[in-house]
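Visitor: I am new to reading protein structures. Could you walk me through this one, feature by feature?

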Amino acid sequence: MQLYNTLSAKERAELIDEAGKNRLTLSFYQYAKIGNPRVFRDHLFITWNSLDVLGRIYVAHEGINAQLSLPADRFNEFKEHLDSITFLKGIRLNIAIEQDNKSFLKLKVKVRDKIVADGLNDHTFDVTNKGIHLGAEEFNILIEDEKTVLVDMRNHYESEIGHFENSILPDAETFRDELPEVLKKLEGKENEKVLLYCTGGIRCEKTSAFLKHHGFKDVNQLHGGIIDYARQIKTRELPNKFHGKNFVFDERLGESISSEIISHCHQCGAKCDTHVNCANVACNLLFLQCPECAAKHEKCCSTECQSEVHL
């Protein structure tokens with residue numbers, strides 16, 4: 001029985017072109033107690049592979065974190081399968097506002113120790129003791145209140161290209177590093193209203209439980225993250241308080257929430273919000289590069305890497 005990919009990304013891209021079908025890019029997560037993640041993982045792979053699902057899915061004892069794409073005409077079948085799983089019945093799906101048929105080119109369902117690596121080894125920490133979820137409208141109202149402490153729970157390279165005004169923006173590379181940094185920045189604010197946001201909600205949910213575990217009384221998070229915020233402000237015609245682009249973890253690397261470009265090319269300083277990976281595979285650094293510098297430096301982050309590519 002096939003439990004792994006048999007096609008390369010290039011072969012899959014060609015098949016997507018040949019099929020000529022529109023695909024939906026979406027994401028969801030759920031914290032839950034999964035007794036045997038390996039069995040659950042195999043079940044998901046077999047079922048979703050038959051539905052032509054592609055994506056990156058992590059399964060652990062603490063739940064599931066999924067980012068994927070599938071043919072639009074198979075969405076109902078996919079949703080029926082989710083609803084057949086007790087803890088995923090009626091799960092909120094964050095559907096991307098900008099669609100790309102090639103956002104994912106392989107199906108990867110992996111068993112991990114945790115669905116979000118946090119570096120925590122405290123067995124008294126209850127990840128399900130989460131904070132209050134807020135919709136876009138209520139979120140917009142609260143961020144205008146000077147007494148609200150607004151925290152961006154994403155990595156620095158994500159918040160660099162887009163964030164809400166007056167946010168605390170941790171200078172962290174990973175969520176594991178971010179948790180202790182945020183706890184330190186919020187020291188003495190245990191009785192204040194804390195408002196968290198991230199890409200799709202999963203990091204905020206764990207952070208809200210983490211802060212409550214450390215004595216914070218009023219912890220709130222943006223329901224569905226920036227992805228669902230973008231959908232809500234569009235469908236409900238709400239004011240957009242987000243500046244710039246939302247970083248996403250697929251081939252697109254970002255989707256525009258507003259027309260503003262708030263970041264700059266790391267090489268020349270021109271306005272730029274396009275993330276690229278250095279063309280030197282031994283480096284593969286993720287950085288911001290404008291079209292002019294991409295042409296000049298051949299999509300490399302430095303002259304050293306450019307020389308390596310020529311070798």
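Visitor: Let me start with one residue. Which residues is isoleucine 57 in contact with, leaving aside its neighbours within four places in sequence?

Guide: A contact list shows which parts of the chain come together. This is a predicted model, and in it isoleucine 57 is in contact with Trp48, Ile64, Asn65, Ala66 and Leu68, and also with Leu107, Lys108, Val109 and Lys110. Neighbours within four places in sequence are left out of that list.

Visitor: Which residues touch the most other members of the largest nonpolar core?

Guide: Ile57 is one of them, along with Phe28, Trp48, Ile64, Leu68 and Phe78. The core has 25 residues. Two or more residues come from each of these elements: strand E1 (23-31), helix H2 (37-50), strand E2 (54-60), strand E3 (63-71), helix H3 (75-83) and strand E5 (107-111). Another core, of 24 residues, lies apart from it, and Val127, Val151, Phe210 and Val219 are among its members.

Visitor: How many bridges join the antiparallel pair E1 and E3?

Guide: E1 and E3 pair over nine bridges, and glutamine 30 stands opposite isoleucine 64 in E3. E2 and E3 are antiparallel too, with seven bridges; there, leucine 54 has serine 69 in E3 as its bridge partner. On another side of the story, E1 and E4 pair in the antiparallel sense over two bridges, and serine 27 has asparagine 94 in E4 as its bridge partner.

Visitor: Which residues lie on each side of E1?

Guide: Start with the general rule: in a regular strand the side chains alternate between the two faces of the sheet. In E1, one side has Arg23, Thr25, Ser27, Tyr29 and Tyr31, while the other has Leu24, Leu26, Phe28 and Gln30. Both faces are covered. Nine of the nine residues of E1 are buried, so the strand is largely enclosed by the rest of the structure.

Visitor: Arginine 23 lies in strand E1. Is arginine 23 buried or exposed?

Guide: Buried means under 20% relative accessible area. Arginine 23 has 4%, so it counts as buried. A polar atom of its side chain lies 2.8 Å from the backbone oxygen of aspartate 52. Beyond its neighbours within four places in sequence, the contacts of arginine 23 include Ile16, Asp52, Val53, Leu54, Ser69 and Gln99.

Visitor: For contrast, is glutamate 251 buried or exposed?

Guide: Exposed means over 50%. Glutamate 251 has a relative accessible area of 54%, so it is exposed. It lies in the loop between strand E11 (242-246) and strand E12 (255-256). Not counting residues up to four places away in sequence, glutamate 251 touches Lys102 and Ser103.

Visitor: What is the order of the strands in the open sheet of four?

Guide: The order is E6-E10-E9-E7, with parallel pairing. Strand E6 (132-134) and strand E7 (149-152) each have a single partner strand, so one side of each is left without a neighbour in the sheet. Neighbouring strands here are turned by 30 degrees against each other on average, direction ignored. Four bridges join E7 to strand E9 (residues 193-197), and valine 151 has leucine 196 in E9 as its bridge partner.

Technical notes:
Residues are numbered from 1 along each chain as its sequence is written. This is a predicted model: local features need pLDDT of at least 70, side-chain atom pairs count only at pLDDT 80 or more; totals for chains, interfaces and linings use all residues. Side-chain values use heavy atoms; hydrogens and water are left out. A nonpolar core is a set of buried Ala, Val, Leu, Ile, Met, Phe, Trp, Tyr and Cys residues joined through side-chain atoms within 4.5 Å. Buried means under 20% relative accessible area, exposed over 50%, partly exposed in between (1.4 Å probe, protein chains only). Contact means heavy atoms within 4.5 Å. Two strands pair if DSSP finds at least two bridges between them. Axes are lines fitted to C-alpha atoms, for helices over the stretch in contact, and angles run from 0 to 180 degrees between N-to-C directions. A polar contact is a pair of N or O atoms within 3.5 Å; within protein, one must be able to donate a hydrogen and the other to accept it, and residues adjacent in sequence count only if both atoms are side-chain atoms.
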